[in-house]
Amino acid sequence: MDHLKKGEVNMAITFADGVILGADSRTTTGAYIANRVTDKLTRISDTIWCCRSGSAADTQAVADVVSYYLGMYATMEGEQPSVGVAAGIFQEVCYTNKEQLSAGIIIAGHHPSHGGSVYSIPLGGSLHRQSYAIGGSGSTYIYGYCDSYWKEDMSEADGIGFVKGALREAIKWDGSSGGVIRMVVLTEKGAKRLLFLPDQNYQGPGEM
C-alpha cells in the first residue's frame with residue numbers, strides 16, 4: 001500500500017500586517033483520495049504556524065518535535081521564539097533525517113520585533129527566507145500566476161484574494177489537489193482562521 005501522502009498545494013505570504021498561510025485539503029494514497037478535508041495548516045506556537053506537504057506521518061512528526069522544542073525555548077528564555085528560531089529547528093530536524101523523511105515545510109509567523117516572515121524547507125532540508133513560498137504538487141501550476149499577481153505589502157483583503165486565487169488555479173489544474181481552501185491570517189492580534197468551500201465557488205463562508 002502506498003504511503004499516505006498529501007498530494008496538494010500550500011503556500012504562505014507576507015503582507016503589510018503579518019502573514020497568511022493557505023492550503024487545499026486533499027490527502028491521497030496513490031490514486032485513492034483518502035481524505036477530502038484534511039487540515040494541512042498546523043499550529044506550532046501562538047504566533048507560528050506551518051504548511052505541510054509530503055508524507056502525512058513524517059510532517060506531523062516533525063511538527064510535533066519542533067512544537068515541543070519551541071515550548072521548551074519559551075519556558076527557558078521567558079519569551080516567545082521568533083519565526084527564524086522555529087525555522088532553524090525545522091531545518092535541523094529535516095536535514096539531519098533527510099534520507100528517512102519525505103517532508104516539505106513552509107513556516108510562517110508574526111513576531112513583535114520582526115513583523116511577519118516566511119521560510120520554506122523543500123525536500124533535502126535547505127532553508128530559504130522568502131516574501132512568499134509555495135509547495136506541493138499543485139505549486140507547479142501557479143508559478144506564473146504568483147509572479148504575475150504578487151505585490152509587496154498587500155492589504156489583508158488583497159493578500160487573502162491572492163492566496164485564494166492561486167490555490168483555486170492549482171486545484172483546477174492539479175488532479176492531486178482539491179477540497180476546501182483553509183487559511184490562517186497571523187498578525188499582532190493573533191490567528192484568524194478562514195474556510196472557503198468549493199460548492200460556493202470558494203467565496204465563503206469565510207471566518208471560522
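Q: Which strands does helix 1 lie across, and at what angle does it run to strand 6?
A: In this predicted model, local features need pLDDT of at least 70, side-chain atom pairs count only at pLDDT 80 or more, and totals for chains, interfaces and linings use all residues. Residues are numbered from 1 along each chain as its sequence is written, and side-chain values use heavy atoms, without hydrogens and water. Helix 1 (residues 56-77) lies across strand 5, strand 6 and strand 7 (103-111). With axes fitted to C-alpha atoms, for helices over the stretch in contact (heavy atoms within 4.5 Å), and angles from 0 to 180 degrees between N-to-C directions, helix 1 runs to strand 6 at about 155°.

Q: How far apart are the end C-alpha atoms of helix 1?
A: The expected span is 1.5 Å times one less than the number of residues. For the 22 residues of helix 1 this should give 32 Å, which agrees with the end C-alpha distance of 31 Å.

Q: Within what arc do the buried residues of helix 1 fall?
A: Buried means under 20% relative accessible area, exposed over 50%, partly exposed in between (1.4 Å probe, protein chains only). Among the buried residues are Val-62, Val-66 and Leu-70, whereas Tyr-68 and Met-76, on the other side, are exposed. Taking directions from the helix axis to the C-beta atoms, the buried residues line one face of helix 1, because they fall within an arc of 155°.

Q: Which residue in strand 6 is the bridge partner of Leu-41?
A: Strand 5 and strand 6 (residues 48-54) run antiparallel and are joined by three bridges. Leu-41 has as its bridge partner in strand 6 Cys-51.

How values were computed:
Two strands pair if DSSP finds at least two bridges between them. Helices (H or I, at least four residues) and strands (E, at least two) are DSSP runs, numbered from the N terminus.
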